[in-house]
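Trainee: Could you help me read some features of a protein model? I would like the general idea and then the case at hand.

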Amino acid sequence: MLSAARNSRKLSPNTLLIARCLSTEASTTSSSSDLQNLPPPKHPGSSPKPKSRASMYLQPRPAHTAQYQPLHDLPPTFGRNQLLPVSNSTRALLESIVAQFDAPIRYAFAYGSGVFEQDGYGANATTSATTGKTNVNKPIDPNAPMLDFMFAVTHPAHFHSINMHQHPSHYTFHSRVFGSDYVSAVQAITPGVWFNTLVPMNGVNIKYGVTTVDNLCSDLLNWNTLYLAGRMHKPLRIIKDDARVRLTQQVNLTSAVRAALLTLPENFSETELFERIAGISYTGDPRMILPAENRGKVGNIVKKQGSQFKELYHRLVVGLPGVHWPANMQYIQQDISPQARSLHLRKLPVNLIFHLKQRYGVQTKEEENQYWVRLAGDGELPEMLNREIRTIVRRPATIQTMKGVISAGLGKSIKYSTKKISKWWKGAGAGSTNKSDSS
């Protein structure tokens with residue numbers, strides 16, 4: 001035994017290290033650090049699939065056709081006001097379209113006149129589209145409104161790479177030539193969205209925007225551009241849910257209520273509240289000045305979607321201090337004292353507060369509460385809020401309009417603009433007809 005010990009001392013350090021590693025691999029127990037480095041176990045029901053080109057890419061979460069599943073990261077009832085119902089045919093159509101994308105999508109919603117009816121736009125897209133089954137070759141109904149989608153993804157270059165391989169016709173020729181890195185770089189330009197428009201799927205034309213989850217949540221919280229947050233002030237149908245977006249969207253909806261209340265008098269109707277909220281994203285939008293959008297769009301949205309707006313906002317409004325809105329009433333009363341309004345003012349999104357402080361001047365020797373009460377008591381505060389919201393919206397909306405020519409190409413841009421101008425003329429004609437009828 002002494003000779004064996006002397007021989008072991010003569011072994012080199014490398015030899016001892018190799019022996020120790022071999023003995024560790026043969027051990028039946030592992031340390032906690034070793035376990036953390038192991039790959040996750042496979043699902044019990046999973047079986048190995050043959051290797052193919054598509055197996056190189058991540059697979060999306062399936063769209064649930066049943067009712068929404070509760071999120072594990074949030075209480076099951078949190079944000080239930082966001083889960084607006086639609087008809088079974090509309091739900092089936094929306095989910096069947098999103099299910100066709102192989103690229104991973106974390107959060108998806110549909111919005112616009114194709115999902116929720118708007119006054120002057122006729123019925124939604126499902127009145128003439130066959131639903132329930134995927135039918136890529138179904139002819140497009142020219143009278144059906146275009147369906148608008150927004151996809152929030154984790155890695156935009158990854159998404160566009162997979163999507164460009166699966167749906168090359170969705171992208172312009174120059175986008176395919178430059179590749180997914182180019183598309184994601186253009187997408188990153190403020191306000192951080194890439195649109196593919198006039199895409200035929202399942203018997204309807206769709207337009208879908210792609211953004212990142214980080215960009216979406218930042219805009220919902222801070223109103224950096226109001227491009228995404230403003231769209232989500234209005235009714236939408238969630239197709240793929242995400243706990244983080246659900247949480248920040250609830251903050252966004254509450255911020256919209258606070259901003260609207262600060263511009264409204266002591267007594268007002270729910271229609272006035274909804275129109276004020278719906279109009280936030282259009283304030284400063286260059287399309288509302290040019291003949292590229294129906295100027296009566298805000299009124300058209302609220303007129304047909306009043307019940308959806310009430311579902312979105314009623315519980316949030318009655319939870320705010322100083323606001324009285326019985327569920328069976330259409331009129332709202334609020335406390336307009338400077339003390340009560342300051343509670344709304346100081347909790348506005350940080351980017352809007354920054355703009356207001358630039359206008360009013362930052363707090364100096366004044367106590368914080370006195371500073372906010374003084375600002376809330378200013379008679380010009382409603383106009384000041386509208387002006388600063390207009391400033392926030394204008395630049396990103398203008399940039400995105402110019403980006404549309406790059407993402408859609410000249411041909412689709414002209415076709416899309418022609419449809420918008422046609423809607424604008426119809427809206428103008430309807431407005432003049434209404435005026436003559438009322439007189």
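**Strands and rings**

Mentor: Strands here are DSSP runs (E, at least two residues), numbered from the N terminus. This is a predicted model, where local features need pLDDT of at least 70, side-chain atom pairs count only at pLDDT 80 or more, and totals for chains, interfaces and linings use all residues. Residues are numbered from 1 along each chain as its sequence is written, and side-chain values use heavy atoms, leaving out hydrogens and water.

Trainee: How many bridges join E6 to strand E8?

Mentor: In general, strands of a sheet pair through backbone hydrogen bonds, either parallel or antiparallel. Two strands pair if DSSP finds at least two bridges between them. Here three bridges join E6 to E8 (residues 331-334), and the two run antiparallel.

Trainee: What is the order of the strands in the open sheet?

Mentor: The three strands follow the order E6-E8-E7, with antiparallel pairing. E6 (267-269) and E7 (323-324) stand at the edges with a single partner strand each, so one side of each has no neighbour in the sheet.

Trainee: And how do I read aromatic pairs?

Mentor: A pair of aromatic rings is described by the distance of the centres and the angle of the planes. Rings of Phe, Tyr and Trp (its six-membered ring) pair if their centres lie within 6.5 Å; planes under 30 degrees apart are stacked, over 60 edge-to-face, the rest tilted. That rule gives twelve aromatic pairs. The centres of Tyr371 and Trp372 are 5.3 Å apart with planes at 75°, so this pair is edge-to-face.

Terms used
Helix = DSSP H or I, 4+ residues; strand = E, 2+ residues; numbered from the N terminus.
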